[in-house]
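Dear colleague,

Please find the structure below, together with my notes on what turned up when I went through it. I have kept to what can be read from the coordinates and from the database record, and I would be glad to have your view.

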Amino acid sequence: MADDTRPDTDPRWKLTPTKYAVAAILLFATVVPLLVSTYDRVEPRLFGFPFFYWYQLIWVFIAALCCAAAFYLLQRERRAWERDHPRPGSSDTSTGERGSR
Amino acid sequence: MNGVNWVALIVLIVLFALVTALGFQAARWRRPKNLESLHEWGLGGKSFGTITTWFLLGGDLYTAYTFIAVPAAMWATGAVSGFFAVPYTIVLYPIIFFFLGRMWSVAHTHGYVTTADIVQGRYGTRSLSLAIAVTGILATMPYIALQLVGIQAVLEVAGVGGNSAVARDLPLLIAFAVLAAYTYSSGLRAPAMIAFVKDTLIYIVIAVAVIYLPIKLGGWLGIFDAAQAKMNTPKPTPTNPDALTGAFIAGPGLHWAYASLALGSALALFMYPHCVTATLSSKDRTTGRRNAMILPAYSLLLGLLALLGFVAIKAKTVPMGLDGKLNPQLVIPQLFEDHFPSWFTGVAFGAIAIGALVPAAIMSIAAANLFTRNIYKAYLKPDATDAQEAKMSKIVSLITKVGALLFVLTLDKQNALNFQLLGGLWILQTLPSIVFGLFTRWFHRWALLAGWAVGMVYGTVEAYGFCTACSTKPFGNSLAKVPLLGDAGYIGLTALVINIAVLVIGTLILRQFKVSNGTDLTRQSDYFADVGDPGVVPVLDTDTPLH
């Protein structure tokens, strides 16, 4: 099989605005917690915790929110795809069981 | 040393026995017709939903790494060597979002179970998938070794062991024997079931520890002050007379070390055979991603656990081994023994020991699956029956643990965290082959192999003893000066960058000469398939021939 010239280019491989948005959100949540110079200090303290420590612990929640946003965006795009491309052999793929996932 | 803590030891043994009984019971959970197959022994039937997957993944994250190695590193040398685990588990989830869905889809369309399967399907190149399989097994060994160190630490503080050469490693051999017997008989079902119990126990213990201890010791402010005082105490080394004990916060010059340890560990985690198995065992495409939203709950507890290392500084815990030497790995068990009644200490010890045992079992099973599927069946005995495969996996899971034992016995145990970083160094070199292929076929198979080889050699040589920051050799430290950058950084990540550089240059050359890039068995639509699509195997089928 000649790989590079294969005709079956699935449209879902194309980059869509949703995918750019998701990538941006995820990159934000990956890069910012690693910018150590932005939080490498002791003050201000919170409940005795130096900034260095409580800032990173707060990022646990920010990262979870970012992942949730990315999840929501990807699910929305996938539902739209499934609405436009019903699966062979199943009549109601866009509602009910799949919608509740 | 204060001798054997009988109450704690008995509680520990009782908990252990209960969990073991439960483990054997679990073999009957969703009982299959026949346990004598790789499918059932090694993959637990592959029908796990969000909750079970969460616990299984939690089992991979909450290990002796979390409650022995990280706090020990915090206690000994502070933030840079220990607290990086927090950003590590934070950036982990956004990263897995990028590729987990595609990996699930292609695996379930083609019945792939291991990372080497995925690479084999994408490039049809046996040597490349062999490299992935061998690396997976090798990298798992130091990670299992870390678990053995954890169990050993608990037993040693409880008073099992001594100062003679034989007695010193006795707890380790006990830990090894229990783990081996356990995995051999029950396979993946037992750790999956026990993971529920394990996590419940751990949550209780952690909750009590992180609430009660700071109150008793006068609050977090005092704890951080004590840690700061310890870290800023001069501790000259031969190479650096101005050296301090450790880093209270990362500090200038160590930013890249901190960030690269976190990023490297995060990139490495999902390349490990056991993590891939856990995520692929979920029943639909989004389970893994849904988990990425709720798994950060683990990170918060991990951060608080890491800080128990600082709590121990304030509490003036002396982690004295039975051989009369200071051993940082003992600091958390010792902290519990000093501050809690014996029975609760026993519960905590049980939680830690079981918490090390479960992931060690999962890891050795995953490594054994990798061997059976991608080496034994691919090269040695293509017509092996199910029963032969299961038998082979059981034996290899034993061999993997012997390898882990060798790591513990030959390497310096003072910095157990380094075991995990050593495994990460190796497993990271498989990332381009596994992940890049999920997005593009541009990268060339021989360039992938060359990049892998260069990354492995550079990383191993550097970590073995040529690194500038190493105080103990071999494999004493995972930080080394980064070429061209000057600051210290995680060797594994540096090796990955070199790996990718070789990969890109190699690909450009090979494409120039139009060298064949292997046979791709996958189609683009495979990367988006979900359960219910035609061709998607709801339960991964290990019998599908690959080679």
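**Contacts between the two chains**

The count between chain A and chain B is 1 salt bridge, and please keep in mind throughout that this is a predicted model. The salt bridge in question is formed by Asp225(B) and Arg45(A), whose closest N and O atoms are 3.5 Å apart. Residue pairs in polar contact between chain A and chain B, both at pLDDT 80 or more, come to 3.

On the side of chain A that touches chain B, helix H1 (17-31) and helix H2 (51-84) of chain A each supply at least two residues. Of the elements there, H2(A) gives the most, with 16 residues. Sorted by kind, the residues of that side of chain A divide into 28 nonpolar, 6 polar and 14 charged.

As for the extent of the interface, 48 residues of chain A are in contact with 62 residues of chain B. Between them the two chains bury about 4,600 Å², and 68% of this lies on carbon and sulfur atoms. Within chain A, the residues that lose the most area to chain B are Trp13(A), Tyr53(A) and Phe71(A), which together account for 17% of what that side buries.

**Annotated spans of chain A**

An unreviewed UniProt entry places the feature "transmembrane region" at residues 20-39 and 51-74 of chain A. In the model, residues 20-39 of chain A are 60% helix and 0% strand, with the end C-alpha atoms 28 Å apart. Residues 51-74 of chain A, by contrast, are 100% helix and 0% strand, and the end C-alpha atoms of this span lie 34 Å apart.

**The salt bridges in their setting**

Over all chains the count comes to 2 salt bridges. Why does the pair of Asp225(B) and Arg45(A) join two chains? Asp225(B) lies in helix H12 (residues 219-231) of chain B, while Arg45(A) lies in the loop between H1 and H2 of chain A, so the pair links one chain to the other. Asp225(B) counts as partly exposed, at 37% relative accessibility, and Arg45(A) likewise counts as partly exposed, at 23%.

The other pair is Arg373(B) with Asp117(B), a salt bridge in which the closest N and O atoms are 2.3 Å apart. This pair links distant parts of the chain, since Arg373(B) sits in helix H18 (residues 342-380) of chain B and Asp117(B) in helix H7 (residues 115-123) of chain B, 256 residues apart. Are these two residues buried or exposed? Arg373(B) is buried, with a relative accessible area of 7%, and Asp117(B) also counts as buried, at 0% relative accessibility.

**One further residue in chain B**

Tyr93(B) lies in helix H6 (residues 85-110) of chain B, and with a relative accessible area of 1% Tyr93(B) is buried. The C-alpha atoms of Tyr93(B) and Lys314(B), which are 221 residues apart along the chain, are separated by 33 Å.

With best wishes

Definitions and conventions: Residues numbered from 1 in each chain as written. Chains lettered and ligands numbered in written order. Predicted model: local features only at pLDDT ≥ 70, side-chain atom pairs only at ≥ 80, totals over all residues. Heavy atoms only, no water. Contact = heavy atoms within 4.5 Å. Buried area = accessible area lost by both parts, 1.4 Å probe. Salt bridge = Lys/Arg side-chain N within 4 Å of Asp/Glu carboxyl O. Polar contact = N/O pair within 3.5 Å; in protein donor to acceptor, adjacent residues only side chain to side chain. Helix = DSSP H or I, 4+ residues; strand = E, 2+ residues; numbered from the N terminus. Nonpolar A, V, L, I, M, F, W, Y, C, P; charged D, E, K, R; others polar. UniProt positions renumbered as here; feature names shortened; annotations may be inferred. Buried < 20%, exposed > 50% of the residue type's maximum accessible area, 1.4 Å probe, protein only.
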